[in-house]
Amino acid sequence: MSGDPSERRLLITGIVGTVIAALCCFTPVLAVLLGFVGLSALLGWLDVVLLPALAVFIGLTIYALWRRQRNPRNS
């Protein structure tokens, strides 16, 4: 994974963000944590925040992969 450090950082950010948002969307990890800390009233707003965040991070990952494919000498 050599190449432009900014492209690499963009790809890593997209992948890590996608994994974290997907874990919080599709597993009860965040619900358990918020319930444990006493903030379970915020559970109703999770879909409003997490689903758009997941879409943004997936888009960021696709964009980073597209930039990397477009410039093959940095791969």
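Helices are DSSP runs of H or I with at least four residues, strands are DSSP runs of E with at least two, and both are numbered from the N terminus. On that basis the protein has three helices and zero strands, and its elements run α-α-α from the N terminus on. This is a predicted model, in which local features need pLDDT of at least 70 and side-chain atom pairs count only at pLDDT 80 or more, while totals for chains, interfaces and linings use all residues. Residues are numbered from 1 along each chain as its sequence is written, and side-chain values use heavy atoms, with hydrogens and water left out.

**Overall form**

Along its principal axes the C-alpha trace spans about 50 × 20 × 15 Å. The radius of gyration, taken over C-alpha atoms, is 16 Å, whereas a compact globule of 75 residues would have one near 11 Å, the globule rule being 2.2 Å times the number of residues to the power 0.38. Of the 75 residues, 20% count as buried, where buried means under 20% relative accessible area, exposed means over 50%, and partly exposed lies in between (1.4 Å probe, protein chains only).

With contact meaning heavy atoms within 4.5 Å, 77% of the contacts between residues at least 6 apart in sequence join residues at least 24 apart.

**A salt bridge between helices**

A salt bridge is a side-chain nitrogen of Lys or Arg within 4 Å of a carboxyl oxygen of Asp or Glu, and the count comes to one. The side chains of Glu7 and Arg67 form that bridge, at 3.5 Å from N to O. Glu7 lies in helix 1 and Arg67 in helix 3, so the pair ties together parts that are 60 residues apart in sequence.

| Residue | Relative accessibility | Class |
|---|---|---|
| Glu7 | 12% | buried |
| Arg67 | 25% | partly exposed |
| Leu39 | 41% | partly exposed |

Leu39 lies in the loop between helix 2 (29–37) and helix 3 (46–70).
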